[in-house]
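Hello,

Here is the structure I promised to pass on to you. Have a look at it first, and then read on for what I found in it.

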Amino acid sequence: MIQIRNVTLRRSAKVLLDNVSLTINPGEKAGLVGRNGAGKSSLFGLFTGALHEDKGDFSMPSAWRLSQVEQNMPETEDTATDFVLGGDTRLLELRQALARAEQQHDADPDNMDIGMEIAHLHSDLADAGEHDAVPRAQALILGLGFQTTELDSPVNSFSGGWRMRLQLARALMCPSDLLLLDEPTNHLDLDALVWLEAWLKRYAGTMIVISHDREFLDAVTDVTVHIERQQLTRYGGNYSAFETLRSEQLALQQTAFSKQQDKIAHLQKFIDRFKAKASKAKQAQSRVKALERMEKIAPVLADAEFTFEFKEPANLPNPMLAISEGVFGYVAVVDEDMAASTPVPPPQPSPKGGGSEAAKVILRGVSKSVLAGQRIGILGANGQGKSTLVKTIARDIPALGGTITEGKGLNIGYFAQQELDVLRPGDTPLEHMFRLAREAGPNSGESGREQDLRNFLGTFNFTGEMVKQTVGTMSGGEKARLVLAMMVWQRPNLLLLDEPTNHLDLSTREALSMALNEFEGTVMLVSHDRALLRAVCDEFWLVGRGGVAPFDGDLDDYQQYLLDEAKARREAVREESARQQAPQVAAQEQRKAQAQQRTQDAARAKSLRREIEQLDQRMAKLQAEKSQLEQKLVQSPNPKDIAEAGKRLKSVNDELGKAEEKWMTLSESLEAAS
């Protein structure tokens, strides 16, 4: 088990944990939660040995094999499959040991001990899963969203987010007693997230995970450890159970609770309004349940340090926009020597020279309307076109065909998956706000005075000199809060949100959920955070197979759909891999049989040599006795002695003949065994 006794942990002069104690039992799956900066990652450093306790005692079994996701970006020309295979350290150790033993055997083929070692190593490799290592590695890669065509692609050919997925797959490939996962869902879409949950539920070891995804934590953890005010508190149960218990504890703190009544009343007001407004559609009922959860844990939400709300839109065009036979994709510059894979639209000369522009079509024939007040969740596997659809509606990239008609007065608030798509790294939050104020003009109704802009940024936790910190030096969470602040200031009537929660902690995610529910305009949301999708969306669009279609089920139905699709892909890959690996498996079995035969031959040869050596000794004694008897026959004057000597000589000759015959047989057998 993992035991922390009266531990104090510092980073520089800052005390992160002060005299804390905690026990994690073998096989438990613990979620580590707390606000950003509370010390979650530093506690992981204690588990890995990167940090050491300043006071107290920390212990975990020395024999435990630990696995964690390396945070460095892998740089290698190894294929994706080989890179993930390298995560199985047990298999790697056994393969290296076998290679060394086989080299020793080649140098000393008569060494029976080496032969026995080779046989044992083959047996250990079989136990370690050598026969299905490649299919297991490829199942991990495919489960995390890669295509079968990418299994043999070099790691360096993938972008940063995909390489981090390979780091995750490599960590899962490692046979471990303790698995540490720090924000494993950050680079995943919903498809990969659902697959990861299913995998972690089957994981037999001890697991500790840091995550801001409440549904992910609910699915994979049975213990919650909360870091707050330099203390650790252990709760039995998943995140929802922790939320309920903590809400009850806060409710008991009457003094603090009474100060929160205005916030709770405000929260209750919009819960009641939306519960009354929701339709009976399956998706809307999921949202009602999510709002009921918020009602249940109102004290926890009211205790959050950060809340915000979207301003009422100046107008609500209806429809917001209409798409007719839309063609969505992007234009890329390709080598002139390469054939264009997509004929529509035709390649055009590139202004850069040395190539041509070819359209990469992702979605075709899209005809959809977006109405005022709609709450649309956009679902679909990674790479199917969700972000392309959102970017096109946001006017970031042009449509390749069809028409998009915008309602009069449409005002879009866009949260890009990569925050720097809408932020300037060298500018400060204050400079971003000044630019918005200039673009809006004096008739916008919004104040562009510095103090007013500072006050506004303060509501998003940009206080003091933080408003003059350049965006490039900010954390992911700070960038996300700045994008939200800019969206709120612009008073949009259509919100386009592409993975807005990637860098948000749990309390900020709850604040976003509340703000979106109070928003009077239209929301289109791409997210792998199912809690946010459930709480905000009344309907879903499924992006895939080159088009956009309504998805009639709720998120539970979609999750099952994803699991069924993933299972079908895994079975297809397993069958193909088994077909390709059959010759390798047969060769491996042949090598194993040959090793066993060599071991048996070595043992047989040793036994034969021992028998021949004993026969040599016996035959030497018989030859000596024969010489003595022959001499006695010649020299003895006593007829009786001569008779006895002759009789014994016949026995010695008979025995010597049989021994020589057996010696020949054993020598032939030894030659064959060697």
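This is a predicted model: local features need pLDDT of at least 70, side-chain atom pairs count only at pLDDT 80 or more; totals for chains, interfaces and linings use all residues.

**Around I404**

Leaving out neighbours within four places in sequence, I404 is in contact with A322, I323, F328, T392 and A399. I404 itself sits in strand β14, which covers residues 401–406. With a relative accessibility of 30%, I404 counts as partly exposed. S369 is 35 residues away from I404 along the chain, and their C-alpha atoms are separated by 9.6 Å.

The protein chain has an average pLDDT of 83, and 87% of the residues score at least 70. Confidence is highest in strand β17 (residues 522–526), with a mean of 95, and lowest in strand β11 (residues 348–349), with a mean of 42. I would read residues 334–356 with care: pLDDT stays under 50 there, and the model has 28 contacts for them beyond four places in sequence.

**The chain as a whole**

The protein chain has 674 residues, 47% of them buried. Its secondary structure amounts to 21 helices and 19 strands. Of the contacts between residues at least 6 apart in sequence, 74% join residues at least 24 apart.

**Helix α14 and what follows**

One of the contacts of I404, T392, brings us to helix α14, where T392 is a buried residue. Which other residues of α14 are buried? They are K386, L389, V390 and I393, together with T388. Six of the eight residues in this helix (386–393) are therefore buried, so α14 is largely enclosed by the rest of the structure.

R395 is not a glycine, yet its phi is positive, at about 70 degrees. Its relative accessibility of 47% makes R395 partly exposed.

**Two more backbone features**

Most residues other than glycine have a negative phi, and most peptide bonds are trans.

- R491 has a positive phi, near 50 degrees, and is not a glycine. R491 lies in the loop between α17 (476–489) and β16 (494–498), and its relative accessible area of 31% makes it partly exposed.
- N318 and P319 are joined by a cis peptide bond, with omega about 5 degrees. P319 is in the loop between α13 (298–302) and β10 (321–335).

**The second largest pocket**

Where does the second largest pocket lie? Domain 1 (2–244) and domain 4 (580–672) both give residues to its lining, so the pocket lies between them. The space in this pocket comes to about 510 Å³. The elements that give two or more residues to its lining are α5 (133–143), α6 (160–173), α7 (190–202) and α20 (555–635). Of these, α20 gives the most, with seven residues.

In total, 24 residues line the second largest pocket, and D132, P135, R136, A139 and M173 lie nearest its centre. By type, the lining has 15 nonpolar, six charged and three polar residues.

Best wishes

Key: Residues are numbered from 1 along each chain as its sequence is written. Side-chain values use heavy atoms; hydrogens and water are left out. Buried means under 20% relative accessible area, exposed over 50%, partly exposed in between (1.4 Å probe, protein chains only). Helices (H or I, at least four residues) and strands (E, at least two) are DSSP runs, numbered from the N terminus. On a 1 Å grid over the protein atoms alone, a cavity is a set of points where a 1.4 Å probe fits but cannot get out, and a pocket is an open set with protein on both sides within 12 Å along at least five of seven lines; lining residues have an atom within 4 Å of a point. Grid points are joined across faces, edges and corners, and a volume is the space filled by probe spheres set on the points. Ala, Val, Leu, Ile, Met, Phe, Trp, Tyr, Cys and Pro count as nonpolar, Asp, Glu, Lys and Arg as charged, and the others, Gly among them, as polar. Domain bounds come from an automatic or database domain assignment. pLDDT is the predictor's confidence in each residue, from 0 to 100. Contact means heavy atoms within 4.5 Å.
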